[in-house]
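Please look over the sequence and the model shown here before reading the notes on its sheet.

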Amino acid sequence: GSSVSAGIPTAWDMIWDFKRTIYCSENRKPISYCQDLSNPTTRSIIQSYFNSKKAFPPFGFETEYAQFFESLFANEADRRRYIELLVSNAKPSYGHLVLASLFKLDKIRLVWTTNFDRTIEDAAIPILGGSGKLVTVNLDNANVASQAINEGRWPILVKLHGDYQSTRLKNTSEELKKQDAVLVDTFVESCRRYGLAVMGYSGRDKSIIDALQRTV
């Protein structure tokens, strides 16, 4: 909920945006024809179209996000650009500020997220007194996670799917089949050592669920 309050669309919102764009493009209709995605009739028209096409996953299937994303943006650079447009103007929400405050109070030391945005970092800067007070790990520097945990360099934020400006991202079906091996091993070990509280995660990523099953 914190990301939504920060002005960042949910994966569900993005799926419908992908569907609308593909539907309008393939049927030669302007986006304005399906402007209101909150309208059940509009969603029904769009979904009926995809129900008739075997190339796309069924409604609500766990691979919807990844497959529609890749279908619309086959190039990784285009996917990164799309995400950057969505998150670049986001502002930390109340929830992000609370999380940063818990960092400062040493009540929360380690956060794992599948989000691409930087709202947690933005919230931490004024509360912690600078960006250097938060160790941030993404797919470009995966080995830092285990080093920082073992050395107790708290607080630590780990982005399992990368940062929106990372050279590597995970958002297509093929990319999501396997997480970064270094991060997964660190994730599993930290869960075994410290436990895990899950908040606001849809569970769409099978590779994350597989990693969680390794912790028990």
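The model is predicted, with local features requiring pLDDT of at least 70 and side-chain atom pairs counted only at pLDDT 80 or more, while totals for chains, interfaces and linings use all residues. Residues are numbered from 1 along each chain as its sequence is written, and side-chain values use heavy atoms, leaving out hydrogens and water.

**Sheet layout**
- An open sheet is built from 3 strands in the order E1-E3-E2, with parallel pairing; strands here are DSSP runs (E, at least two residues) and helices are runs of H or I with at least four, numbered from the N terminus, and two strands pair if DSSP finds at least two bridges between them.
- Strand E1 (110-113) and strand E2 (135-137) are the edge strands, each pairing on one side only.

**Pairing**
- Strand E3 (residues 156-159) runs parallel to E1 and is joined to it by 4 bridges, with Ile 156 of E3 as the bridge partner of Leu 110.
- E2 and E3 pair in the parallel sense over 3 bridges.
- Leu 157 in E3 stands opposite Val 111 and also opposite Thr 136.

**Side chains of E3**
- Ile 156 and Val 158 point one way from E3, whereas Leu 157 and Lys 159 point the other way, and all are buried, meaning under 20% relative accessible area with a 1.4 Å probe, protein chains only.

Notes: Buried < 20%, exposed > 50% of the residue type's maximum accessible area, 1.4 Å probe, protein only.
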